[in-house]
Amino acid sequence: MGNESSQALNSEQGLASIPTAQGGLSRLAIAHLKSAGVQVAPVLRRAGLTPEVIADPEERLSVRSQIALLDEAAIALQDDCLGFTLARDFDLREIGLLYYVMASSPTLGDALKRVARYSQITNEALVIRYREGNRLIISLSYSGVPRHSDKHQIEFFMFAAIRICRVLTGQNLVPQHFWISHHRSGANSEMARFVGTTVEFGADNDEFALNANARELPLIHADTHLNDLLLKYCEAALADRGVDTSQLRTRVENAISSVLPHGRVLVEDVARSLGMSERTLARMLSDEGLNFTEILQQLRRDLGGPRRK
């Protein structure tokens, strides 16, 4: 009986560690499929989702399911830039709570700090970092989901973020750089026109930078009283989620993915990027029955394998 209880507890903990999302992006993709006259049921089935889950706005989805759905929708629509397409055209209010928290903030810097803190309410895998200095830098990364498994979701987040900055300030902000870490073959002039500068694929990070003085830009719909109320709600929602999705294998895969395109991958470099020694990394991997070389080889196979068009 003790073993059964332990197994049940481990199973529940495993399920609890799977990062989830509110599914707004999945529902945007489904609406786009319907407007294009594409049959939705087969796409959902291939992504492991059901019409009932999509129809319920309160139902959260696993982030991996959302990534799979976007991949399948892109194939069905023959739109290899689906994330960009959705980010460019959707009603920003559909983001919900996070949009209103940003929009009611006093300045752009305040808005970006708040979305960095609260983004995991909407998507538990999404980690947004805000840095100030000579430039204002917004960087995105994943926790609990391998970065190399995704293309459309991260592109949606990146292009939607710069669009939101422009809408909230009423200014056509042009980034000093706009980097996306996965590769794309050939230039995409439509993306570059939208951003106002070159979109660099195969970069070390997923990030964009604005002029430092952009942080002081006032927002058109700033509302201190509303913002105070929403911040209290967000803090409560953040506490309710309370999910730790920092799985070691995924962290290692994401660290490898950032250096893999640039040549030889050294375990000491990966360990350093994770803030630990090579020996500590080896011990932690061993404790979980993992091996660095096997992770690296599997990742190379995943990245080099054929993809369905």
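Is Ser-181 buried or exposed? Ser-181 is buried, at 15% relative accessible area (buried means under 20%, exposed over 50%, partly exposed in between, with a 1.4 Å probe and protein chains only).

This is a predicted model, in which local features need pLDDT of at least 70, side-chain atom pairs count only at pLDDT 80 or more, and totals for chains, interfaces and linings use all residues. Residues are numbered from 1 along each chain as its sequence is written, and side-chain values use heavy atoms, with hydrogens and water left out.

**View 1. Ser-181 and Arg-147 make a polar contact through their side chains.** The distance is 3.3 Å (a polar contact is a pair of N or O atoms within 3.5 Å; within protein, one must be able to donate a hydrogen and the other to accept it, and residues adjacent in sequence count only if both atoms are side-chain atoms). Ser-181 sits in the loop between strand E5 (177-180) and helix H10 (189-195) (helices, H or I, have at least four residues and strands, E, at least two; both are DSSP runs numbered from the N terminus).

**View 2. Arg-147 and Asp-206 form a salt bridge.** Their N to O distance is 2.8 Å (a salt bridge is a side-chain nitrogen of Lys or Arg within 4 Å of a carboxyl oxygen of Asp or Glu). The pair links parts of the chain 59 residues apart. Arg-147 is buried at 7%, and Asp-206 is buried at 4%.

**View 3. Arg-46 pairs with Glu-72 in a salt bridge.** The closest N and O atoms are 2.9 Å apart. Arg-46 lies in helix H3 and Glu-72 in helix H5, so the pair ties together parts 26 residues apart in sequence. Arg-46 is partly exposed at 43%, whereas Glu-72 is buried at 12%.
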